[in-house]
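Thank you all for coming; I would like to take a few minutes to walk through one model with you. Please have a look at it first, and then we will go through it piece by piece.

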Amino acid sequence: MNSQNSTIRDQWLAQMVAGRAIAAIAFAHLRRPKQRFWIREDGDSFVLDGALDWVTTWPLASVVLIEGYAQGRDGEQRDEIISLLIEPPKVDLTKSNLTDREDIQAGPSLALAAMGGTQTWPVAFRGFRVNGNQLVSRKPASQWLRENAVVSADANPASFGIARAAINEMASVGAATGQPAVVDSARELAAELVALRERAYQAADAASADPELAVTSIEDRTILRAAALNLNLRATSALVAASGGAAMMLSSNAQRRAREALFLLVQGQTADLRTASIAHLMP
Ligand SMILES: Cc1cc2nc3c(=O)[nH]c(=O)nc-3n(C[C@H](O)[C@H](O)[C@H](O)COP(=O)(O)OP(=O)(O)OC[C@H]3O[C@@H](n4cnc5c(N)ncnc54)[C@H](O)[C@@H]3O)c2cc1C
């Protein structure tokens, strides 16, 4: 959306906004201390090499934004992030669950504890060539990491949504089975959720209105994000406990919500979030 490349913006943005084109992204690997995927400039094109572990929607997407560290001619990693918009090869999912080509090996869809309904594929490139006019941006790695830290610090609204659903279901289970203590606990968790959500959204709004605060509040917002994830874990576990053995049926909402809460613990995880999340689980 912010790209200087008006050609690809004009080609795709309106279609994406209208829901006529599906977009996917692959950038989480950039936060890792050690890279396994690089992009090399070669004349008027770019060459992709290496493996991406998670690309949700790969076989369904019209376009995928792929970001990678730049690689120099001698294979050295440069302190620059190159972002490209590529059109993945079409896959007829009724016939195949793979992309199996000399320059791209992708799939099959991963068997997952959560997000099982998505098509999340591992994708590996070997000398895959992308035309230079697909360039979205290039920026110093330090700038990319700083900008990413600013946006990834906020609590994910999904964690509040899952927790709220679990708490509501817990109150219903308690009421339907004549367990007033369960209903009281659900009420306490609901009060905690409302207070925490207000703090998290206030912090996010304040950061988005003030670029300086956005940077200085990263640590505080990460702590709120970890607290929201922890509340989600407790709320969904409480629903499992309140539901008894029935919670273990794969048809039960309780086990599904607990798995979703576990997923959010690692989704978009930063090193600081990991530390804060584990701290919540220590005695
Ligand atoms: C089902 C599913 C779908 C996903 N879909 C997508 C997608 O479509 N697009 C996408 O970009 N990502 C996707 N992801 C990736 C997801 O956001 C990452 O799981 C998340 O960012 C955690 O990173 P990781 O799995 O690479 O873990 P790790 O490699 O362990 O890294 C997690 C964090 O820990 C830090 N870290 C790791 N090792 C060290 C170390 N030795 N020392 C210090 N810090 C360290 C890293 O800086 C990083 O921030 C998906 C993940 C899942 C599970």
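This is a predicted model: local features need pLDDT of at least 70, side-chain atom pairs count only at pLDDT 80 or more; totals for chains, interfaces and linings use all residues.

Helix H3 passes helix H4 in a left-handed crossing, where left-handed is used if the near helix is turned anticlockwise from the far one by less than a right angle, and right-handed if clockwise. Residues are numbered from 1 along each chain as its sequence is written. The helices (H or I, at least four residues) and strands (E, at least two) are DSSP runs, numbered from the N terminus.

H3 covers residues 157–176 and H4 covers residues 180–209, and the two pack at an angle of about 160° with their axes 8 Å apart. Here the axes are lines fitted to C-alpha atoms, for helices over the stretch in contact, and the angles run from 0 to 180 degrees between N-to-C directions. H3 and H4 are therefore roughly antiparallel to each other, a term for angles over 145 degrees, whereas those under 35 count as roughly parallel, 65 to 115 as roughly perpendicular and the rest as oblique. Among the residues that meet are Phe-160, Ile-167 and Met-170 in H3, and Val-183, Leu-189 and Arg-197 in H4, with contact taken as C-beta atoms, placed from the backbone, lying within 7 Å. By class, this contact of H3 with H4 has 14 nonpolar, one polar and two charged residues; Ala, Val, Leu, Ile, Met, Phe, Trp, Tyr, Cys and Pro count as nonpolar, Asp, Glu, Lys and Arg as charged, and the others, Gly among them, as polar.

H4 also packs with helix H6, their axes coming within 10 Å and crossing at roughly 160°, and H4 and H6 are therefore roughly antiparallel to each other. That crossing is left-handed, and the contact of H4 with H6 has 15 nonpolar, one polar and four charged residues.

H6 (residues 218–243) in turn packs with H7 (residues 253–266) at an angle of about 160°, with their axes 9 Å apart, and the crossing of H6 and H7 is left-handed. The contact of H6 with H7 has nine nonpolar, five polar and one charged residues.

Let me step back to the domains. The protein is divided into domain 1 (6–140) and domain 2 (153–281), with bounds that come from an automatic or database domain assignment. Their centres, taken over C-alpha atoms, are separated by 31 Å, and five residues of domain 1 are in contact with six residues of domain 2.

Which domains supply the shell around the ligand? The shell draws at least three residues from each of domain 1 and domain 2. In total, 21 residues surround the ligand, and the closest are Ala-28, Arg-31, Trp-54, Thr-56 and Ala-271, where a residue is near if its C-beta atom, placed from the backbone, lies within 6 Å. By class, the shell divides into 12 nonpolar, six polar and three charged residues.

Finally, two backbone details. A cis peptide bond, with omega about 0°, joins Gly-107 and Pro-108, and Pro-108 is in the loop between strand E7 (104–106) and strand E8 (120–131). Thr-57 has a positive phi of about 80° although it is not a glycine, and Thr-57 lies in the loop between E3 and strand E4 (63–71).

Technical notes
Two residues are in contact if their C-beta atoms, placed from the backbone, lie within 7 Å.
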